[in-house]
Amino acid sequence: MNPKTRDEILLYWSGEADATQEAKMQVLLKSDPEVRVYFEELGVFDAFRGRLASLPAMTPSRSFAEGAVSEILAERSGWRGIGLWVSVAAVAIVILAVANMVWPSNEKRKKEVVREETQEKGVVLPEAMGMPRLSQRLFARERQTTRFPKILIAQERARKLRIRLEKFPQL
Amino acid sequence: MDDSFLIRKYCNEGDGDAAIELLKRYERPLYQYIWQMLQQQQDCEDVMQETFRKALRALPNYREENHFKGWLFRIGRNEAIDIIRRRRRTIVAEAPEEYLGGVQDIVSLPGARELIEERESVQALMSAIALLPEKEKEVVAMRTQGELPFKEIAKIVGVPIGTVLARMHAAKKRLKSLLNTESDR
């Protein structure tokens, strides 16, 4: 028997043969004893399947499907819980940041009230009182050119003094 | 309900019952295939558990429509191969009494002689299959226990269908010779 016919018998036995192969097999099974014997021998596997399926060892002792599904669902809900807390925390942080930007702090509001009250009473405050705090001035990101003329004048004086000192002959 | 529907229900709605129904459809053939490969209950149960776990974790990324059974068997096969490698190709088969059941249970039954003969023939068949080379045994187990078509087996194993058919033919020939030798004793 050639390998092609042998393969076709296997496919026919397995129920995978196409219409042409099926028609060919039906003819061969009637006419060719070798093909018939080969096909009948394959029946051993069918009987084998039935016999093995009835063995005690072939019956699972428990349901693996249920165990695995409950385990994975518990795992998933655990992650979902963590994800929920993380998203709640992120939303809270965003809300606090926005609130801080929108509403001025108590301190700012107090200053505003003091300024309004003093202006109403006609009191003239010294220039320094209207300036930002020293820490704010020192660590300010933008150049405070118009706000701090005294600092600029002092810086200019220091620069000129440094140039003079450099020109002064070494003793 | 087809497999795709159950997969969608599990992935989109987190429906555990759908996943259980899906896996239960293939639990028994997969178990029998793996048992045939490993012939050891504890290893077989470990492989089953791990296969289902991996399948459920990977299910949201599953894209092979109508090939769920083959996909599940591929995961199971990889797990079983890992165990076989760990054993360093030593088959730790269970004693026949463990998988066939005790003789004392049969002796008291009517038709005990036939049952014992049947038991012996199953045992001979099991021993013959255990002696097959891994690649042939795998094809036999997938076709008989797993009830998978040869085309699907070719996909799972990753070889052309001609190779699968050649392995089946070789296994059949070898089993025939092994069983004839056994009956001649």
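Predicted model: local features only at pLDDT ≥ 70, side-chain atom pairs only at ≥ 80, totals over all residues.
**Burial and contacts in chain B**

- Chain B has 185 residues, of which 34% are buried.
- Of the contacts between residues at least 6 apart in sequence, 63% join residues at least 24 apart.

**Gln39(B)**

- Gln39(B) sits in the loop that links helix H2 (16-38) to helix H3 (41-58) of chain B.
- The phi of Gln39(B) is positive, at about 55°, although this residue is not a glycine.
- Gln39(B) is partly exposed, because 19 other C-beta atoms lie within 10 Å, and a residue is buried if 20 or more do so.

**Glu147(B)**

- Glu147(B) belongs to the loop between helix H8 (134-144) and helix H9 (150-157) of chain B.
- Glu147(B) is not a glycine, yet its phi is positive, at about 55°.
- Glu147(B) counts as partly exposed because it has 16 C-beta neighbours inside 10 Å, a count between the cut-offs of 12 or fewer for exposed and 20 or more for buried.

Definitions and conventions
Residues numbered from 1 in each chain as written. Chains lettered and ligands numbered in written order. Contact = placed C-beta atoms within 7 Å. Helix = DSSP H or I, 4+ residues; strand = E, 2+ residues; numbered from the N terminus.
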